[in-house]
Amino acid sequence: MHEITRWSGLPTTLLALGVTALAGGCTGVVDGNKAGMQPTPPGVSGGGTGGSSAVTPTVDPATCDGTEVPVPKRLVRLSFNQIANSVRALTDDAEAAKIASTYEIGDSEHRTFPPLASPREGSTLTDKTWATGDKIASDIGKYAFDNVATVSGCGATPTEDCARTYVAAFAERAYRRPLTADEKTSLLQVVTEVLGFGGTAAQAIQFGVYAALESPGFLYRTEFGTDAKAAGPLTPSETANQLSFFLTDGPPDKPLLDAAAAGALASSAQVTEQVARILQTPAAKQNLQDALFSYFGLFGLDTVVVDSTDFNSGVRNSMYHEAELFLANNMWSGPLSNLITARKSMISQALAPIYGISVFPPAGVTPDADGFALVDLPDNRAGILTQSGFLTARSRPDQPSVVGRGLLVNSALLCAANPPFPANLADQIAAVNTMLAEETERKKSDYRTSTPPCNGCHASFDPYGLALGNFDSIGRFTTVDAKGRPIDASVTLPPNAGSAQVKSAAELAQTLASGEAFSTCMAKNLMLYALAEIPTTDTTTESVTVSGCATKAIAHMFNSTGKTFNDLIAQVAVSNTLVQRSAGQGAP
């Protein structure tokens with residue numbers, strides 16, 4: 001048997017696989033440092049053309065005051081987690097786990113929100129990420145060779161014709177859409193080259209699989225519609241990919257692909273039906289729970305350092321798991337606001353003292369296999385804001401962080417842009433911290449919010465941290481600080497939270513839940529998550545824009561539903577922003 005590992009003709013052939021997809025003037029590739037949410041000229045709403053998936057917008061854009069409308073045509077790369085999930089769909093769980101472990105990809109618990117927001121990801125493939133993708137493609141090709149009879153259905157010694165048929169079918173699955181004639185020709189050319197070098201049909205399958213997984217058709221998904229230069233809707237296959245990677249972080253399943261092929265993704269009702277079906281799957285539930293785990297900054301528990309004998313690995317792990325269970329229990333039942341108001345939680349014996357619960361488990365309650373039981377929390381608790389893990393993740397070693405907690409509430413619950421640390425003022429800040437070291441957190445904040453240059457930023461987020469001031473570094477409720485001084489948690493909230501006056505964390509949660517700021521922010525961020533984008537900053541207001549047409553349309557329709565998390569996901573899925581695209585940047 002001839003051993004074929006690499007030859008000079010392969011790279012040229014592989015590059016050719018992407019030519020067809022990029023032809024036609026696609027220049028709307030996402031800038032890794034921008035959100036891609038660019039204004040479209042008035043009057044462009046994206047009409048449908050033959051073969052397109054022309055979902056009817058749920059809200060007339062004319063009713064919106066802002067200028068945000070569908071993003072430009074884009075070429076969107078798959079995140080590492082999406083690549084890992086795609087490998088699983090193309091091979092099996094064992095091979096996918098091996099690939100994920102070998103190349104340290106597919107870490108669902110440490111994903112960024114949105115998916116391409118971290119330097120490790122980025123909107124384009126770099127030399128480093130390309131090399132990783134190349135190794136994964138090579139390994140999966142070897143997997144296909146080692147298991148050729150099982151994976152190809154061609155038997156232990158496949159014929160050349162069967163090899164060609166399998167490679168074309170595999171590529172269609174990998175690309176998550178039908179192949180174009182040019183793509184099929186290019187892929188089968190790889191098979192022909194392997195055979196021409198004296199390779200066997202099994203080796204032709206190996207390198208055909210390798211070629212498919214190293215190509216742009218696998219590593220990216222398109223949002224070109226039927227004409228990359230003209231405004232309009234996504235194609236049915238593009239809509240299926242957009243929905244699936246949003247909801248499951250993986251490729252479309254067969255029912256979704258079948259719906260695309262049948263033209264059954266052409267209306268809001270049809271998309272809503274698919275969304276409802278997919279949201280019942282374990283993959284969708286786990287993906288969106290992992291996404292919100294990242295969204296609320298809970299991954300900070302991994303590395304936070306707290307100087308307390310009551311904080312150890314067991315407590316840390318319990319906080320982590322409680323947060324997972326809290327999201328699982330509150331995302332899929334009840335209103336969206338439960339995420340910040342619910343007073344029930346699954347806790348363990350290790351967490352009971354933190355929550356002031358003296359009897360655990362409660363009478364008549366049997367803990368689960370991990371020792372967690374559902375309990376009613378004291379009335380000073382309210383949803384994710386007072387979760388022990390949420391509070392601990394934003395603590396400093398020696399004390400809770402008013403600033404850290406305030407910044408998290410400001411960005412995650414209200415979509416306000418947090419300013420970067422002013423490195424040019426580092427010495428001045430250090431001097432102020434030394435000067436105020438013995439003061440209460442309230443007096444420290446009063447200084448920051450009233451004294452230039454600190455007041456320019458701290459007034460917009462310190463109040464949220466102060467409202468959470470009754471919770472120590474690991475989330476225990478207390479009325480006095482470490483030096484025995486009374487804690488005053490009453491604040492006047494910033495304007496983006498309605499300038500309301502609250503006296504506690506529970507009142508803060510109820511205030512945020514009763515207005516539209518929280519649900520509108522969630523609409524904004526879930527939309528950005530679906531787009532895999534990074535929030536952009538409005539250079540005029542220096543805050544993340546949440547009042548534009550795209551978000552307002554989703555929030556408006558959400559308010560007429562049952563206001564559940566599922567309802568919000570559905571409104572994002574059928575929104576004009578997800579299913580329509582403006583002309584590519586190179587369009588006339």
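Colleague: Let's start with Cys-162. Is Cys-162 buried or exposed, or partly exposed?
Modeller: Partly exposed, with a relative accessible area of 23%. Keep in mind that this is a predicted model.

Colleague: Noted. Which cysteine does a disulfide join to Cys-162?
Modeller: Cys-154, with an S to S distance of 1.9 Å. Cys-154 is buried, at a relative accessible area of 14%.

Colleague: Where does the cut-off for buried sit?
Modeller: Under 20% relative accessible area. Cys-154 has 14%, so Cys-154 counts as buried. Cys-162 has 23%, so Cys-162 is partly exposed.

Colleague: Why is the disulfide of Cys-154 and Cys-162 left-handed?
Modeller: Because the torsion about the S-S bond is about -85 degrees.

Colleague: How many disulfides does the structure hold?
Modeller: Two. Cys-415 and Cys-521 also form a disulfide, with the sulfur atoms 2.2 Å apart.

Colleague: Where in the chain are Cys-415 and Cys-521?
Modeller: In distant parts, 106 residues apart. Cys-415 is in the loop between helix H18 (402–412) and helix H19 (426–435). Cys-521 is in helix H24, residues 517–531.

Colleague: And is the disulfide of Cys-415 and Cys-521 left-handed or right-handed?
Modeller: Right-handed, because the torsion about the S-S bond is about 90 degrees. Cys-415 is buried at 4% relative accessibility. Cys-521 is buried too, at 1%.

Colleague: What is the pairing in sequence order?
Modeller: Number the bonded cysteines of the protein chain that way and the pairing is 1-2, 3-4.

Colleague: What about Cys-454, which is in no disulfide? How far away is the nearest cysteine sulfur?
Modeller: 8.8 Å, and that sulfur belongs to Cys-457. Cys-457 is in no disulfide either. Cys-454 is buried, with a relative accessible area of 17%. Cys-457 is partly exposed, at 31%.

Colleague: Switching to rings. How many aromatic pairs are there?
Modeller: Nine. One of the pairs is Phe-207 with Tyr-210. The ring centres are 6.1 Å apart and the planes are at 55 degrees, so the pair is tilted.

Colleague: Where are Phe-207 and Tyr-210 in the fold?
Modeller: In helix H9, residues 201–213. They are three residues apart, so about one helical turn separates them. In an α-helix there are 3.6 residues a turn, so residues three or four places apart point the same way.

Colleague: Are Phe-207 and Tyr-210 buried or exposed?
Modeller: Buried. Phe-207 has a relative accessible area of 3%. Tyr-210 has 2%.

Colleague: And what kind of pair do Phe-471 and Phe-477 form?
Modeller: An edge-to-face pair, 5.6 Å centre to centre with 70 degrees between the planes. Phe-471 is buried, with a relative accessible area of 1%. Phe-477 is partly exposed, at 36%.

Colleague: Which residues form the aromatic cluster?
Modeller: Phe-113, Phe-246, Tyr-295, Phe-296 and Tyr-529 form one cluster.

Colleague: What lies over the face of Trp-332?
Modeller: Lys-285, at 4.3 Å from the ring centre. Arg-77 lies over the face of Phe-80, at 5.1 Å from that ring's centre.

Colleague: Last topic, helix H26. Why is H26 largely enclosed by the rest of the structure?
Modeller: Because seven of the nine residues of H26, residues 565–573, are buried. Among them are Phe-565, Leu-568 and Ile-569.

Technical notes:
Residues are numbered from 1 along each chain as its sequence is written. This is a predicted model: local features need pLDDT of at least 70, side-chain atom pairs count only at pLDDT 80 or more; totals for chains, interfaces and linings use all residues. Side-chain values use heavy atoms; hydrogens and water are left out. A disulfide is a pair of cysteine sulfur atoms within 2.5 Å. Buried means under 20% relative accessible area, exposed over 50%, partly exposed in between (1.4 Å probe, protein chains only). Helices (H or I, at least four residues) and strands (E, at least two) are DSSP runs, numbered from the N terminus. Rings of Phe, Tyr and Trp (its six-membered ring) pair if their centres lie within 6.5 Å; planes under 30 degrees apart count as stacked, over 60 as edge-to-face and the rest as tilted. A charge sits over a ring if NZ of Lys or CZ of Arg is within 6 Å of the ring centre and within 35 degrees of the ring normal.
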